Amino acid sequence: MTNNPNTTVEMADAKLESPALIRMKLMWRSFKENWKIFSQSKIGMIGLYIVIIFAVAGFIVYPILAATVWKTTSLNAMASYNPVTGYDFVQNNPAPPSWAHLLGTDPLGRDILAQLLYSTPREFMLGIVAALITVIIGTLIGTVAAYFGGALDTFFMRVADIVLLFPFIPFLIVISGMMQVDLLTLALIIGLLSGFGGITIVLRSQALIVKSRPFIESAKISGASDSYIIVNHIIPNVMPLSFLYMMFNVTGAIFSEAVLSFFGLLNIKMSWGLMIYTADTAGYIIGSNIWNYWWLWLPAGASITLLCGAFYFIGRGLDEVVNPRLRKR
Amino acid sequence: MMLKYIGNRILQIAILLVIYVAIVFFLLHAMPGGIKTLLISNPKLTPQAQEAIIRAFGLNQPLWLQFVDYMKNVFTLNLGISFSYYPTPVWNIIAERLPRTVLLFTVATLIAFFVGFASGKSLAWNRGKTTEYVSTIVGIITYTIFTPLLIFVMIWFFGSFLGIFPLNQFLNPDLWIHTRLNAQVIFLYILLTMLIIGMVMLVSYLVALRFSHRVRTRRLIFYLSTIITVVFSVFFWWVSPVGIYAADILWHMVLPVMTVTIISYAGNMLVMRDSMLETIKEDFITTARAKGLPDKVVRDKHAARTAMLPVVTNFVLSLGFVVSGGVITESLFSWPGMGMTLLDSTLAKDYPLAAGALIFTGIFVLFAHLAIDIIYAFLDPRIRY
Amino acid sequence: MKAVLEIKNLKMYYDTQAGQVKAADDISFSLYEGESMGLVGESGCGKTSVSMSIMRLLPENARIISGNIFFGGKDIVKLSNEEMNKIRWAGISMIFQAAMNSLNPVYRVGDQIIEAITTHEPDVTFEEARQRVASLYKLVGLDPERMDNYPHEYSGGMKQRAVIAMSLACNPKLIIADEPTTALDVIVQDTILRELEKIQKKLNMSMIYISHDIAVIAEVASKIAIMYAGKIVEMSDSVTIFKRPAHPYTVGLMSSFPSIRGAKKELVTIPGEPPNLLNAPDHCRFAPRCPFATDECWKKEPSYEEIEDNHFVACFHPQNLKKQVRANAG
């Protein structure tokens, strides 16, 4: 390895470049390597494809449809495709799938497909905002606690213990029953609650491993400040693990939202969970005849499952990148 | 030593409990639109009742005094009076419903643990085969499936399509209408029977461990005493006049238990698989093989036994997840336990009951945590008490 | 004397994504009753592959391509896994490279030894097995009281002794000690090796020591085989190897280690690294690092020949031959 001519040449080149550029190049190289490992994980790739399909449907297809075909014109004035306030007077609602409504209509006469697509970007937003908050808090606390240790460390670990013991969904149920919780508030609550929980414990132990590596010691000797070491050395090394946990947290956040709106506890206009809630409270989901009105619950339920599953799949794929011991030989 | 460790843990749990109750209190009382506002705006209560509640709970006092009172009340189980079941005290409702949740969870959790453990073990051992791939996918699907979706399909499949299990409810009203029996009493007896069976299993296991060194003899002692106890208790219920009512309750329990099991087994399975894959690469597994032990012994006694430890740890982490799944399961199957109570009281804006349910769900989780900690200390000799 | 172990032209290859790795290539040697042998080479030269082939504990992607391993007259290459299980530990036992981790952390150390005894001798009662473990503990210098402790309650040296006691549990004919002492500090290392040698002599067992440290091996083994890149390049009794090392690699190995008794001289290291066993070349594998390499060495592989009584070398330019030695002396 040491006498590999390529490395020597690159090292010589690197001397001429600015440190930021080197950092960028190194990051790009490690990204390419990690991507190679990740792309070999079938489960991870399936997850990624599903997420891309949902993203395209929600962020590109829906705006186009809403601006063209689903726009209320004189021709289809009767069939408004507004996912929240629309009503189709032409038929008995809920109506099974037809050419006018590819996935049928709900008990209030609204187009199911429009509801589904309308909700997609919101689910993404909720999941990613909540997970980002969680990961930022978790990474900061985890690394700082590991780096400084002592009372700070003990304090945050005890906090994590408490949060870990929290019955999460029951707690959210009571909160959202008391307050008017909208999507962004929910993302904030979920993000904050899980940010102080298990993720800090995991990231702290990873940061402890990084901290014991020799380059941290040499950075200290060369006079780097604590904050510089944390930001430039420790955080980049726990980043892959943070990213992995972010995927699991997206799953958790979307799932929690779906459960809460399924119970009708959230102050939101439309979401996948709310679609099932609407069908359930209108009495269309009863044991024996659930398949008679399948379009009322199956598309929404499947979407929740697929998107949650997809992020979880990505997480499993990333697990093989982060945790080499799980890799196949 | 062990007792000291358990004592320590109980002390820690007590501290955590105080903090937990404090959080719940400030959530309910200190937030804008807290309990007092809600109390006054609740149309179901007469002004006199409102007055009485405000006076009884000192809602006009300063916040910190209220907090002290509240804490005292929680530890004396004085949780207030339910709005929706006025004037039933909250504690009475919870005392009735907590055992139902405990039973549902304990049974489902034990099954989920063993199913997950066994399947994760064989997945790792048969790595690279099609069955491994299929079961992993199925596991992940059941792990990430939207719980209500799963329940709809379960209810339809077992309740309507196959028609073998009752759709929902705790019991069959047609059967119980002709009797003056109290369902709760029967239920508690069921719980007692299960407790006895569990204790017999534990004791016979310990006895077997203590008095025999041959695996075959140990197994004989364990299985024989378990089977005898089970047969005996089934016989006891069979001849007793209330056996049919107990059977009715158990019959209604099957679907909820199955659902909670399906929700939680996959997590155990996946962790067990990963942990087992790592353990197989350990040096002591090579040693075990080199000793000429049969493959099954290497797999079960050496690899699986050691790989089990992270599964138990993971179990603590996933407890919240399982409880959440339980809330959904209980309310969709109309299983009147803590989860359903929590949801119904929240929807009915019955805050004393919701707070009580939340607190006791927390206590339940705390004790489950304690139980797992103690089991872990038994399983891993490296834990210093 | 009867040969306990006889290996003939053993070839063990790994199938990897990059190609075939010839981890053990054409290995032959025999070991007699009560004889102890050292297998020496740098890491990655195939020592452990040989020992794992003898135990038939190969990873899934490893295959014994050809050759025979006769143990007690039976060719164990052809045995099924169940038949092999009867030979493991009862016939051939092992002291593993990483003794620190070769005990299962969740079972008592004594129980792990008893397990080996009761598996191979089902008639032995638990009490008898315990007694045997107690006497084994005394033999290796451990307090029998400690047998009910868990591995994490042992120190590194104690674990090593326990692992040695375990390897003796079923009175095997042959013990393979794979780097038995590398993880220990020098003083403990020396004591344990000497005790191991004493036990081996006392119980008249055959022993294969595997190590990268030729100096350590020479003190305990009567015969030494030097391995390089999956092949045995030199083999003889340890005195001959030490006095007249013939292969340049052996010469290099010996000057890489400080000798306690010998005169002070500068340590010479062998330049370069052992070759990648993937797609091994068809010339002499040591040629790239050899100071004596000629064109001949780059053209074909040297054959494995007996250059003097009981001294085998695979080299075109063997060093320190008797004649030379005599000439130098004269």
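Two strands are taken to pair if DSSP finds at least two bridges between them, and the legends below apply that criterion to a predicted model.

**View 1. The open four-stranded sheet of chain C.** Four strands of chain C form an open sheet with antiparallel pairing, in the order β2-β1-β4-β5. The edge positions are taken by β2 (19–32) and β5 (74–75) of chain C, each of which pairs on one side only. Within this sheet, strand β1 (residues 3–16) of chain C runs antiparallel to strand β4 (residues 62–71) of chain C, and the two are joined by eight bridges; C:Y14, for instance, has C:A62 as its bridge partner in β4(C). Helix α1 (residues 47–55) of chain C packs on the sheet, where it touches β1, β2 and β4 of chain C, and its direction makes about 110° with that of β1(C).

**View 2. The open eight-stranded sheet of chain C.** The pairing is mixed in an open sheet of eight strands of chain C, whose order is β6-β7-β8-β3-β9-β10-β12-β11. Strands β6 (92–95) and β11 (305–308) of chain C stand at the edges with a single partner strand each, so one side of each is left without a neighbour in the sheet. From one strand to the next, the twist averages 25°. Strand β3 (residues 36–40) of chain C pairs with strand β8 (residues 206–211) of chain C in the parallel sense, over five bridges, and the bridge partner of C:G38 in β8(C) is C:Y209. Two helices that pack on this sheet are described here: helix α5 (residues 156–167) of chain C touches β6 and β7 (174–178) of chain C, with a direction at about 175° to that of β6(C), while helix α6 (residues 186–203) of chain C touches β3, β6 and β8 of chain C, with a direction at about 160° to that of β8(C).

View 3. C:I224 lies in strand β9 (residues 223–228) of chain C and is buried, with a relative accessible area of 0%. Apart from its neighbours within four places in sequence, C:I224 is in contact with C:G38, C:V40, C:I214, C:I217, C:A218, C:E234, C:M235, C:S236, C:S238 and C:I241. The C-alpha atoms of C:I224 and C:E305 are 16 Å apart in space, and the two residues are 81 residues apart in sequence.

View 4. Helix α2 (residues 81–87) of chain C contains C:M84, which counts as buried at 0% relative accessibility. When neighbours within four places in sequence are left aside, the contacts of C:M84 are with C:I54, C:M55, C:R56, C:I76 and C:L79. One of these contact residues, C:R56, is 28 residues from C:M84 in sequence and 7.7 Å from C:M84 in space, C-alpha to C-alpha.

**View 5. Cysteines of chain C.** C:C315 is accordingly in no disulfide, the nearest cysteine sulfur being that of C:C290, 6.1 Å away. C:C315 is buried, with a relative accessible area of 17%, and C:C170 is also buried, with a relative accessible area of 7%.

**View 6. The crossing of helices α9 and α11 in chain B.** Helix α9 (residues 183–211) and helix α11 (residues 243–280) of chain B pack at an angle of about 80°, and their axes are 10 Å apart. That angle makes α9(B) roughly perpendicular to α11(B). On the side of α9(B) the contact is made by B:A183, B:I186, B:F187, B:I190 and B:M194, and on the side of α11(B) by B:Y245, B:A246, B:I249 and B:L250. The residues of this contact comprise nine nonpolar, no polar and no charged.

**View 7. Helix α11 of chain A and what covers it.** Chain A has twelve helices and zero strands, and 50% of its 329 residues count as buried. Seven of the ten residues of helix α11 (residues 272–281) of chain A are buried, so this helix is largely enclosed by the rest of the structure. The buried residues of α11(A) are A:W272, A:G273, A:L274, A:M275, A:I276, A:T278 and A:A279. Their cover includes α3 (42–67), α4 (112–148), α10 (226–262) and α12 (294–322) of chain A, together with α7 (147–161) of chain B. A:G283, which follows α11(A), has a positive phi, near 85°.

Terms used
Residues numbered from 1 in each chain as written. Chains lettered and ligands numbered in written order. Predicted model: local features only at pLDDT ≥ 70, side-chain atom pairs only at ≥ 80, totals over all residues. Heavy atoms only, no water. Axes fitted to C-alpha atoms, helices over the stretch in contact; angles between N-to-C directions. Parallel < 35°, antiparallel > 145°, perpendicular 65-115°, else oblique. Contact = heavy atoms within 4.5 Å. Nonpolar A, V, L, I, M, F, W, Y, C, P; charged D, E, K, R; others polar. Buried < 20%, exposed > 50% of the residue type's maximum accessible area, 1.4 Å probe, protein only. Disulfide = S-S within 2.5 Å.
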